[in-house]
Amino acid sequence: MTKKRYVTKIYVVRHGESESNVYAREHPDKPASQFGELGSSLTQKGKEHAKKIALQLKNIPITAVLSSDLNRARETAEIIAKEHNLTVITDGTIRERFFGEHMSAIQKREIEKTLDTLDEEGKFAFKYFENGESGYDVVKRFKKFLSSATKTYKNKTIVIVSHGYVMRSFLIHEKYARYDELLGGSIKNGGYFVSETDGKTYTITEKHGITRRKGIDDEE
């Protein structure tokens, strides 16, 4: 007898604009280390990003809203969850990439010059600091979380609010784009993609607010 296959539909959302996003733009020479372990909150613009997504998903039968435990993601998730009378479930497993140390935007760009000398695999294995995470490390923990969530919410629709590097690493790993096609800024605050999965294979069915280089715009 063939085992019945289940499919879970997942909306993976990047948080709205945060205070640290603004700080990095306004103070490119300084690391945003003053926001503490759980990071900064949403700006007013970030709250508007979250409200916009909440309205877009208002009529979708969402069973659960899961979120990174960092403030900017949790606050975004709470605005989405409110439309469905749901309580947000937070988990540190889907936090933003751990770089190893706090960096200023200028320092980060200098370190990233090393990427120009690496092939696709080398770029994905790259670490900003020795004690930090690579793209492979990020995908490993994120997919472990997705697999668990898929089993918990079989044949349901759920929302997961996470972060730009996490989403980019997943999309690159799933061959949606090459590393150089999905650089920083490719996923807008409030951007999201939709994946249908049985916990093992992932099919990307929708993309909003995600732009690949070479003129490929996935705003749909």
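Guide: Start with a definition. On a 1 Å grid over the protein atoms alone, a cavity is a set of points where a 1.4 Å probe fits but cannot get out. Grid points are joined across faces, edges and corners, and a volume is the space filled by probe spheres set on the points. The model is predicted, so to speak of local features needs pLDDT of at least 70, side-chain atom pairs count only at pLDDT 80 or more, and totals for chains, interfaces and linings use all residues. Residues are numbered from 1 along each chain as its sequence is written, and side-chain values use heavy atoms, with hydrogens and water left out.

Now the space. There is one cavity of 30 Å³ or more. The largest cavity holds about 60 Å³. Its lining residues (those with an atom within 4 Å of a point) are Arg97, Lys123, Phe124, Gly135, Tyr165, Arg168, Ser169, Ile172 and Tyr179. Helices H5 (120-125) and H7 each give two or more residues to this lining. H7 gives the most, with four. Helices here are DSSP runs of H or I, at least four residues long, numbered from the N terminus. By class, the lining has four nonpolar, two polar and three charged residues. Ala, Val, Leu, Ile, Met, Phe, Trp, Tyr, Cys and Pro count as nonpolar; Asp, Glu, Lys and Arg count as charged; the others, Gly among them, count as polar.

Stay with H7, residues 164-173. Nine of its ten residues are buried, so the helix is largely enclosed by the rest of the structure. Buried means under 20% relative accessible area, with a 1.4 Å probe and protein chains only. Tyr165, Arg168, Ser169 and Ile172 are among the buried residues. After H7 comes Lys175, with a positive phi near 70°.

Next, helix H6 (residues 135-152), which holds Lys143. The C-alpha atoms of Lys143 and Phe170 are 8.0 Å apart, though 27 residues separate them along the chain. Beyond four places in sequence, Lys143 is in contact (heavy atoms within 4.5 Å) with Phe170, His173, Glu174 and Tyr202. At 17% relative accessibility, Arg141 counts as buried. Its contacts beyond four places include Arg97 and Glu133.

Finally, confidence. pLDDT is the predictor's confidence in each residue, from 0 to 100. The chain averages 92, and 95% of the residues score at least 70. Over residues 215-220, pLDDT stays under 50. Where pLDDT is low, the predicted coordinates should not be read in detail.

Technical notes: Buried means under 20% relative accessible area, exposed over 50%, partly exposed in between (1.4 Å probe, protein chains only). On a 1 Å grid over the protein atoms alone, a cavity is a set of points where a 1.4 Å probe fits but cannot get out, and a pocket is an open set with protein on both sides within 12 Å along at least five of seven lines; lining residues have an atom within 4 Å of a point.
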